Amino acid sequence: MNDMKETIEFSKTLNILYVEDNEDARVQALKLFDNFFTKITVAVDGKDGLNKFILNKELPKEKHFSMVITDVSMPKMNGLDMISAIRDIDKEIDIIVISAHSEKEYLAQAIKLNLVGYLYKPVKLNEFNTIFNKAIHSIKEKFNKNKEIDTISKKNVDFEYLLNLYGDNVIASMTDTKGKINFASNAYEVISGYTREELIGRPHNMVRHPDMPSAAFKEMWATIKAGNTWIGDVLNLKKDGGYYWVKATVSPQRDENGTVIGYASIREDITMKKEIELLHTQVTNMLDNIDDGFLTFNKDLIVNTSYSRRCLDILNHKDIGNLNISEVIFSNDESVKEIFDYAYSELLNTNDELSKDLFLSLLPTEHYNNNNNIFTIKYKILPNDECLVLLSDVTEQRALEKDIKHEQQMQKMIIANAIHKKDSIELKNNFLIFLDTLNKLFLNYNDVTLVDLKRDLHTFKGLFAQKEMLYVTDAIHKIETQIENENFKLDEESAFIKNELNEVFSKDLKIITEILGDDFFDDTDRINVEVAKIDSIQFQIETVAKRCTIPANKGILIDLVNNVLKLKEQPFIEMLNVYPTTVKNIAIRVEKELYPLEIQGDKKLLVPEIFKEFTDSLVHVFRNAIDHGIEDFEQREFLGKDLTAHIYCSFEELDNNVVLSISDNGQGIDAKKILEIAILKGLVTKEDASQISDEMIFKYIFQEGFTTSDSISDLSGRGVGLSSVQYELDKLNGSIEIQSRPEVGTKFIFTLPLTQTKSLMDKDEDILLDSVVDVSKLFLENDMSIKVLDTIDSENSNINKYYSLVSFNGNINVFCIVAIDEDLLEHIFNAFVTSEVSNEEREEMIVTLPDEIVNTVAGLTISNFSKEYDSLVMSEPLTLDKNLIENFELGNLSVSKIIQTAHGDFTCTIIKMKD
């Protein structure tokens with residue numbers, strides 16, 4: 001189910017009070033609010049807002065305001081005074097404050113008023129979404145609580161009604177001490193068939209059934225004569241020769257002196273219950289001798305007491321009668337329970353047969369219990385909205401199927417590695433290097449390196465899937481899921497992750513070497529030695545070039561580096577040769593028919609070895625083409641297409657570039673759906689969306705975390721795969737063109753420059769630092785009226801007591817750090833805050849001021865970036881330990897400059913993370 005959709009649908013039922021004195025701000029905010037609310041009352045100042053809130057309280061409860069959204073600084077009555085007055089009236093209503101940047105001195109006072117959230121203008125969609133979800137969750141909890149109270153009240157009324165019905169079925173009589181009847185109720189006459197005249201004065205045993213054991217009556221007389229109450233089930237005889245069962249309660253009747261003068265009996269007709277029990281016994285005896293389990297449940301999802309004993313064995317329960325069916329069958333999986341409850345509820349609430357079939361198909365048909373017994377589930381809807389369930393234990397069958405599948409998978413792995421031995425050796429070596437670098441990554445990780453880790457894991461998963469690896473592919477998939485968990489902490493889980501990857505990879509290697517030989521992964525080719533020498537030569541030339549100050553000589557050295565790189569070139573076709581097998585295996589896995597993949601291109605075309613990482617990442621393009629691009633069998637048949645689909649791959653050298661095309665004849669890319677997701681993610685505004693071309697829309701699928709999948713599988717759904725392709729493409733300074741037509745297909749055209757060496761005279765970190773310094777100087781002089789005396793280079797970031805940082809992420813990953821001397825920060829604070837504040841408030845605000853400064857400086861810097869860096873995305877201010885930052889400086893590319901003023905130094909630092 002779509003939680004966000006349900007949340008917005010709920011929010012549109014709420015009444016909202018919005019208070020804002022600025023007309024322009026109101027117009028902009030209401031455009032945002034229209035996405036979430038339909039019932040908005042607007043007030044133009046605090047006094048107006050309070051009056052409307054008081055008048056609203058006089059309306060019926062269902063029309064009361066559920067939320068207040070307000071500005072702070074307003075005429076007549078400011079927002080905080082209005083909130084305080086509202087809190088005197090309603091202490092629980094949810095309130096959100098939207099404040100201008102200059103009003104943050106009110107933050108401490110606002111927090112004391114128990115707000116849901118405090119946002120700064122202009123409001124960003126993602127920030128409002130976070131506060132909005134929190135507020136709606138709070139309102140919904142209160143709504144559900146009130147609804148629960150109403151439900152309980154209704155149940156009390158229903159219970160009283162049931163008591164009245166129960167009373168209609170009570171049979172009452174009284175006898176003297178000898179057992180002669182002296183009173184009989186109307187219900188007694190009806191059930192026995194005797195008139196009152198026929199009953200009065202006659203012994204009570206006149207209705208005794210011959211099949212009722214006499215021992216039961218002896219026990220009854222012994223109990224009541226001893227002055228106690230007897231309760232038991234009795235089979236009675238009707239006047240017409242029929243029978244009826246009653247649950248009888250017989251008690252002594254005493255006079256005012258306590259002497260027993262007779263006996264009173266109240267009976268409940270349980271004839272139908274006894275008949276059902278008899279039928280239940282008969283049916284159970286029959287069903288208990290069948291291998292499958294049978295049970296029924298009612299429309300309230302409660303299991304009936306008539307079920308076969310086999311159900312208990314299959315479900316590993318001692319008793320399931322009167323329990324909730326989803327708890328009984330799916331107790332170990334909350335997500336499956338949720339699907340079942342939703343689908344069955346919708347099934348009961350529709351009269352349309354097609355809809356019923358749809359919801360019936362959503363019900364889970366296979367599950368396992370806590371004992372890992374696997375069973376299938378079949379459903380049959382019965383009259384009165386009851387459902388018959390057939391359970392079949394398939395544990396042994398699945399185990400056999402698993403063994404067969406494991407053997408087949410192992411054979412596939414052996415064949416895939418044997419055919420592409422060179423690739424297998426390279427993949428093994430690269431993965432071992434990756435495992436060795438994990439320790440360093442775990443010690444110095446942050447949001448940027450975590451993205452790199454996820455990208456590397458996703459690419460390795462795709463490459464191992466090409467080799468049909470038994471264990472490591474699934475292990476990486478599980479680790480990816482673990483990393484996505486919001487409670488995941490890499491520093492705490494690092495040892496487990498590395499040990500797990502080492503263990504499962506070793507298991508795969510052991511299977512391969514046991515069959516193909518211990519020396520299978522021995523790389524005897526001398527190319528490794530030669531490449532090492534080439535790398536050494538390249539490094540020496542680059543070192544000289546970096547020190548060279550004569551542009552002409554520097555250009556010669558760069559050309560020399562390019563010539564050295566050509567010594568390590570490889571045939572491009574060899575980098576792609578793994579994909580025909582990969583495409584075939586993926587197609588089989590997702591049950592789609594594909595013609596064999598043929599790769600067209602000049603087999604003699606040589607490319608730099610650094611192309612290999614890019615071609616490895618193409619596994620994600622082929623996977624998406626098969627999983628998302630190619631329609632299923634029925635859809636292709638409906639469209640009149642060839643039921644066997646095509647995926648094409650070709651390449652050519654053109655203008656010193658390699659142009660690689662990968663295309664399919666599938667359903668094409670849904671531009672409308674992609675644009676909707678892009679708007680939700682805040683990648684584009686609704687206003688700008690109408691101006692974007694399809695070509696630009698298509699490129700959103702290469703964004704980090706972007707996915708159109710509603711669920712995650714081991715093939716796709718995480719939004720990591722295509723971003724890995726973009727990452728590797730950026731490293732080659734390559735570009736991509738996407739062509740797609742609905743029901744015709746999609747084509748990806750990658751352009752890869754054959755000259756890969758970057759200019760050694762231009763460095764990202766220096767360019768970005770100059771931009772930050774320029775903006776910081778304008779900020780100090782123009783905004784803070786603090787004169788800049790000089791700007792000098794620095795060897796480090798000079799982090800002191802007051803500093804903050806943000807990250808820029810995209811085709812490069814950098815940190816931007818601003819460190820400010822205490823005296824200078826005091827002057828900036830005085831420029832920011834002109835009103836009187838307490839010492840405690842002043843200290844608290846000064847501590848957070850560097851965050852505001854770096855946010856302002858870095859934000860303004862983005863608009864000055866050249867085209868090469870305009871795609872970088874800035875983070876919120878980050879909290880990182882000083883020692884951790886210093887370690888980053890030592891281990892990566894770091895440059896700093898000091899802006900000197902009469903009041904102290906303002907230091908700007910850029911740390912570029914190494915690839």
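Modeller: Gladly, and one definition comes before the rest: helices (H or I, at least four residues) and strands (E, at least two) are DSSP runs, numbered from the N terminus. Please also keep in mind that this is a predicted model.

Colleague: With that in mind, in which loop does E743 lie, and is E743 buried, partly exposed or exposed?

Modeller: E743 has a positive phi of about 65 degrees although it is not a glycine, and most residues other than glycine have a negative phi. E743 sits in the loop between β20 (735-741) and β21 (745-753). Because buried means under 20% relative accessible area and exposed over 50%, E743, at 48% relative accessibility, counts as partly exposed.

Colleague: Where is N656 found, and what is its phi?

Modeller: N656 belongs to the loop between β18 (647-654) and β19 (657-664), and at 43% relative accessibility this residue counts as partly exposed. The two strands form a hairpin with two residues between them, and D655 in the turn has a positive phi of about 55 degrees. N656 is not a glycine either, yet its phi is positive, at about 60 degrees.

Colleague: Which strands are the edges of the six-stranded open sheet?

Modeller: The order of this open sheet is β22-β26-β27-β24-β23-β25, and the pairing is antiparallel. At one end, β23 (residues 803-809) pairs with β25 over two bridges, and F808 stands opposite M874 in β25. The strands that each pair on one side only, and are therefore the edges, are β22 (788-794) and β25 (873-874).

Colleague: How far apart are the closest N and O atoms in the salt bridge between D90 and K57, and is D90 buried or exposed?

Modeller: In the salt bridge of D90 with K57, the closest N and O atoms are 2.9 Å apart. The pair links distant parts of the chain, 33 residues apart, with D90 in the loop between α4 (79-89) and β4 (94-99) and K57 in the loop between α3 (46-56) and β3 (67-70). K57, at 28% relative accessibility, counts as partly exposed, whereas D90, at 17%, counts as buried.

Colleague: Which residue forms a salt bridge with K731, and how many salt bridges does the structure hold?

Modeller: K731 forms its salt bridge with E613, the closest N and O atoms being 2.8 Å apart. The partners are 118 residues apart, K731 in helix α30 (residues 721-731) and E613 in helix α24 (residues 611-617); K731 is partly exposed at 34%, and E613 is partly exposed at 43%. The number of salt bridges in the structure is 18.

Colleague: Which element gives the largest share of the negative patch?

Modeller: The patch of negative charge on the surface gathers D3, E6, E9, E338 and D341, and the elements giving two or more residues to it are α1 (3-11) and α13 (334-348). E6 is placed in helix α1 and is partly exposed, with a relative accessible area of 32%. The largest share, three residues, comes from α1.

Note on methods:
Residues are numbered from 1 along each chain as its sequence is written. This is a predicted model: local features need pLDDT of at least 70, side-chain atom pairs count only at pLDDT 80 or more; totals for chains, interfaces and linings use all residues. Side-chain values use heavy atoms; hydrogens and water are left out. Patches are made of residues with over 30% relative accessible area and no salt bridge: like charges are joined within 9 Å, nonpolar side chains (Val, Leu, Ile, Met, Phe, Trp, Tyr) within 5 Å. Accessible areas come from the Shrake-Rupley method with a 1.4 Å probe; for residues, only the protein chains shown count as cover. A salt bridge is a side-chain nitrogen of Lys or Arg within 4 Å of a carboxyl oxygen of Asp or Glu. Lys and Arg count as positive and Asp and Glu as negative; His and the chain ends are not counted. The place of a charge is taken as NZ of Lys, CZ of Arg, CG of Asp or CD of Glu. Buried means under 20% relative accessible area, exposed over 50%, partly exposed in between (1.4 Å probe, protein chains only).
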